[in-house]
Amino acid sequence: MNGMNASLVRSVLRCVLFVAVATSLGCEAEPPAKSEPKATPPPAATESKKAQIGKNVWLETIGDKRRVLVSAYVCLREGQLEHLMCRKQTKEHEAILAADCDARHIHAALEAARAMPGSTVKFQPKYQPPTGTRIKISLRYEENGREVIVPAQKWIRNANTRKDLDQDWVFAGSHLIPDRFEPNKPPYYLANDGDVICVSNFEGALLDLPINSPKDNSELVFEANTDRIPPKDTVVVVILEPVLEKKK
């Protein structure tokens, strides 16, 4: 009996010694599997809010950003240009787009989007380019069932170099002209003559290029980039985004 007990004790000691050696060599039992972290849902997209300012003109707010949307249509695809967009039934023969709207509503919407009007071009006593908040313009339309958005410059090219327009527009702000014959009549907003978004400098432009771009037919600089412009009457949303200075 004593021999059996001694043998049992030796067996236990051998087991304890084996476990101790295995532990010192890092052969520990595998720890329980850790639970996977729960997936965090992506943040919800910021909601777009639109307020109609006038016929075919909206102010869109996305978070703290504001921009102006104008519904227009393609009215010209080739030839020399004086405008990117004119008012309907004014200067469609020299503008790619026309919009059935009041240019005063675009002006009001741009100010609501925090853009500041500057001044229109001056030719006397010397040339001074138009000024104002810089406006980035994009064009949104459907093609073959899908939405397309392109910079407006892609539809306009220099007639001499054949290169795309490389300038943004500025919010020149046009002018209000009193009626000399009917003083009680509301003043007339000059851009409603058609000079809504210009590529040639006009004294009455709402939006103009801040470069010397003559309006005389013999000196016109820009032309339609026909291959990139969709068919006539295609509905196009003109997106006007003020490029605001960052607060210091």
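Which residues touch the most other members of the largest nonpolar core? Please keep in mind throughout that this is a predicted model.

1. **The core.** The answer is Leu97, Ile137, Trp169 and Leu240, within a largest nonpolar core of 51 residues. Strand S5, residues 95–99, supplies the largest share of this core, with 5 residues.

2. **Arg67 and its partners.** The structure has 13 salt bridges. One of them joins the side chains of Glu60 and Arg67, at 2.5 Å from N to O. Arg67 also forms a salt bridge with Glu241, where the closest N and O atoms are 3.9 Å apart. This second pair links distant parts of the chain: Arg67 sits in strand S3 (residues 65–74) and Glu241 in strand S15 (residues 235–243), 174 residues apart. Through shared partners, salt bridges join Glu60, Arg67 and Glu241 into one network.

3. **How buried is that network?** Glu60 is buried, with a relative accessible area of 5%. Arg67 has a relative accessibility of 19% and counts as buried because the cut-off is under 20%. Glu241, by contrast, is partly exposed, at 25% relative accessible area.

4. **Another salt bridge to look at.** Glu143 pairs with Arg146 in a salt bridge, with the closest N and O atoms 4.0 Å apart. Glu143 is partly exposed, with a relative accessible area of 32%.

5. **A cis peptide bond.** Have a look at the bond from Gln124 to Pro125, which is cis, with omega near -5°. Pro125 belongs to the loop between helix H2 (103–112) and strand S6 (134–143).

6. **Positive phi at Asn56.** Asn56 is not a glycine, yet its phi is positive, near 65°. You will find Asn56 in the loop between strand S1 (48–54) and strand S2 (57–62).

7. **Positive phi at Ser174.** Ser174, also not a glycine, has a positive phi of about 55°. The loop that holds Ser174 runs between strand S9 (169–171) and strand S10 (176–177). Is Ser174 buried or exposed? With a relative accessibility of 8%, Ser174 counts as buried.

Conventions. Residues numbered from 1 in each chain as written. Predicted model: local features only at pLDDT ≥ 70, side-chain atom pairs only at ≥ 80, totals over all residues. Heavy atoms only, no water. Core = buried A, V, L, I, M, F, W, Y, C linked by side-chain atoms within 4.5 Å. Buried < 20%, exposed > 50% of the residue type's maximum accessible area, 1.4 Å probe, protein only. Helix = DSSP H or I, 4+ residues; strand = E, 2+ residues; numbered from the N terminus.
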